[in-house]
Amino acid sequence: MRTLFKIIILMLITSFQIQAQKETLYSNSYQIDANTTALLEFKGSSVEIYKSLDDKFHIEYTIEFVNYPNRKKKAAIESVKIESDLSNNQITVADKSKFSMYRFYQFETISNILYLRNKSTDTSYSPKSEDAFRNVIIEAQKPVPFYIRYIQNSNQYSEDEKKKSIEKYNNRKKRRKVIKTVKIKVPNNLSLTINAKASTIRIQDNLENQISLRVDGGKVYTQNLSNSNNIIKMKDAPLIANSINGGKLILDNSKRTLIGELKDVKLNSEFSLIEIGQIKNNVEITDFTSKYLIHNFSNNFKELIMNTEYSEMNFFIQEGIKSSFTTKGSATKHYVENKLFDYKNHKSYNKVKGDIMLDVFINTSSEGSIDNKISITTHNGIIRISKDIIKH
Amino acid sequence: MKRDIRDLFKEEDELKTLPENHRTEFLDKLKKQPKKNTAFTWLKIAAVLLVALTVGFNIFYNTSEVEEELLIIAQIEAVEAEYLADIETEWQNFIAITEDEVLVERFRKKLKALDEDYQDISFQFKQDSNNVLVIEALVDNLQNRLQIIKDIQKHIKILNQKDEHNENTI
């Protein structure tokens, strides 16, 4: 009788609570050669990309349950559908999993999202050193649970209330979650094409592979990407990158993009908000209605070219950087150290040169010592230059 | 030969007589019966309660889940209507303050593209209304449309500001 009682109690307990558990649902590897390419397609996926330690391409799909009820586990596992193949010397990977999430979120959280109206209360930009910007990127790349992200972005709570809510959430002992991850390891000489929709892509190592990355929604976090043939296209998705060296970068409605270093890149953007830690050699930017915040320039950045329309460009110019700064175009407001700069009445303004609005040197008066140029063609723009805080 | 039925029962009544101490004997037998095992009884009660609670909980849970989903759908529709009204208001404000037809056309095109995205997301939501990421995408899209029109208005107002606090030295 006692034994029967114990068995029943044990059945009751195990039916409700499961401890953390990780399973590999899919795993495969492919040998490649110099001509192998890879096409990866993701929708609603969480992807981690690493450098492979051998000459093979590896893929692994894992699922991790934390305090997840048994009755929901089966549905979560059955929702996973991952396919990969090597054919005609091309590796293809497709994650066709269905979205599966146990209903953890309180009704209140969901309905509060509906009224979430983010409004930035910042009225100024502050300069950041290269190191400080690197730390910003490190922080921005840390995974943040949905609930905490919602609290941090919400205008409904004071800072104190936000802190308490986040502490309470982090201290909850029985948080339930399921973590589904596609892990990919790529060898050095493999060309990658990645098409991702509403996915989180984390490139965890520095990659020199030729990458064609097309993202529609979701987020991309990456270390250093270096290849002159890279094409990165972000639509409705932010890019948080340590550095981009070479290639083309296209940003469409990419809010809160952070790039530590930009070098030898052609950047096309519109309707975006972009912060750059440091401009290095030969960067060319074409933009419509985005906001740019450029914190630093390298000593020998050579030339920054910008062609913009209705853009807002904010530059922090450090003491040691010598450069010419030329703007041409029309109907553009220039602010220097937060004061409107009347270029028409400045000695540098040359009516004969037509559309040149500003033509000055920064941190030097001697043209002979200049190796760097900032050349901006702008119509209906706003340009702000400062060594310190920029008010907007 | 037929007999009176009443006589038959009279005879049976005479035959059947209870022993004098039948009550005492019966009570003794009753006392000697083995007692029921209360442990099993307790388990039976617990099992019945458990089943009742489980069934009740599932009914309650499923009902409240369905009600919540309906509420969320209703809220989304209300929020969508509010945002769309705000977007229209800001759009009218925008076209009133600019003479740049090319700019207006580019924004019109952008808003149209965002609206098409919104229809895609709405379709996803209908297939999976439990997906909190889809709900967030719906709100993001509406917020984004409103914000880009507000941002360009702010930009235009700065451009149109009369020059004050001029600085002509760097």
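**View 1. Phe325(A) and Phe315(A) are buried residues.** Phe325(A) has a relative accessible area of 0% and therefore counts as buried (under 20% relative accessible area; exposed is over 50% and partly exposed in between, with a 1.4 Å probe and protein chains only). Phe315(A) is likewise buried, at 0%. The model is predicted, so local features need pLDDT of at least 70 and side-chain atom pairs count only at pLDDT 80 or more, while totals for chains, interfaces and linings use all residues. Residues are numbered from 1 along each chain as its sequence is written, chains are lettered from A and ligands numbered from 1 in the order in which they are written, and side-chain values use heavy atoms, without hydrogens and water.

**View 2. Aromatic pairs occur within chain A.** The rings of Tyr30(A) and Phe57(A) are tilted, because their planes stand at 40°, with centres 6.4 Å apart. This pair links strand β1 (residues 21-31) with strand β4 (residues 56-66) of chain A, across 27 residues (strands are DSSP runs of E, at least two residues, and helices runs of H or I, at least four, numbered from the N terminus). Both Tyr30(A) and Phe57(A) are buried. The rings of Phe315(A) and Phe325(A), with centres 5.4 Å apart and planes at 90°, are edge-to-face. Phe315(A) belongs to strand β20 (residues 312-316) and Phe325(A) to strand β21 (residues 323-330) of chain A, so the pair ties together parts 10 residues apart in sequence.

**View 3. A ring cluster draws on chains A and B.** Phe271(A), Phe288(A), Trp91(B), Phe94(B) and Phe107(B) are linked by ring pairs. The charged end of Arg106(B) sits over the ring of Phe288(A), 3.6 Å from its centre (NZ of Lys or CZ of Arg within 6 Å of the ring centre and within 35 degrees of the ring normal).

**View 4. Ser298(A) lies in a loop of chain A.** The loop runs between β18 (291-294) and β19 (303-309). Ser298(A) is buried, with a relative accessible area of 12%. Neighbours within four places in sequence aside, Ser298(A) is in contact with Gln278(A), Ile279(A), Lys280(A), Asn281(A) and Ile321(A) (heavy atoms within 4.5 Å).

Technical notes: Phe/Tyr/Trp six-rings, centres within 6.5 Å; stacked < 30°, edge-to-face > 60°.
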